[in-house]
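Let's take a walk through this structure together, with an eye on how its side chains pair up.

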Amino acid sequence: MTYEMTAASLADLEGKRERLKSSRYDDRIEALRGEVKRQLAAGANVETDPQSMALASLTFLDPKKVRLGLQVMFGFMVELGAALMLFSSIAAEPVKVKTPEKPPMWRPKWQR
């Protein structure tokens, strides 16, 4: 199993144990904790984001900090774009819609 799958299984079992208030899962939880420790010792929790890894190798920074910086920068750009679109929609002049004239109502000849 990969590190992410093992950690997810461990979290699921710990949640089940808390929810059911049972010691039924204790052996499996301890086995998964040992597996997670073994995988971490082997370097399994290495950052897998290629963009942050490339920037980290160029700047000699920690990949986790680079990834956090990229996430903050992306979030800031999204919020800035949303605010600018809101302000531009508020500042724009309202568009005047020309409604078509109603066609004359049809009447029979004897009513004209």
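A helix here is a DSSP run of H or I with at least four residues, numbered from the N terminus. Keep in mind that you are looking at a predicted model.

Is Gln-39 buried or exposed? With a relative accessible area of 6%, Gln-39 is buried, because the cut-off for that label is under 20%.

Now for the charged residues. Side chains of opposite charge can pair when their charged atoms come close. How many salt bridges does a search of the whole structure find? The search turns up four.

One of them brings together the side chains of Glu-14 and Arg-33, at 2.7 Å from N to O. This pair ties distant parts of the chain, since Glu-14 sits in helix H1 (residues 3-20) and Arg-33 in helix H2, 19 residues apart. Both ends are partly exposed, Glu-14 at 24% relative accessible area and Arg-33 at 28%.

Arg-33 also meets Glu-30 in a salt bridge of 3.0 Å, N to O. These two are three residues apart in helix H2, so about one helical turn separates them. Through shared partners, salt bridges join Glu-14, Glu-30 and Arg-33 into one network. Glu-30 is partly exposed, with 47% relative accessibility.

Finally, look at Arg-17 and Asp-26, whose salt bridge has its closest N and O atoms 2.9 Å apart. Arg-17 is partly exposed at 21% relative accessible area, and Asp-26 is partly exposed at 26%.

Notes. Residues numbered from 1 in each chain as written. Predicted model: local features only at pLDDT ≥ 70, side-chain atom pairs only at ≥ 80, totals over all residues. Heavy atoms only, no water. Buried < 20%, exposed > 50% of the residue type's maximum accessible area, 1.4 Å probe, protein only.
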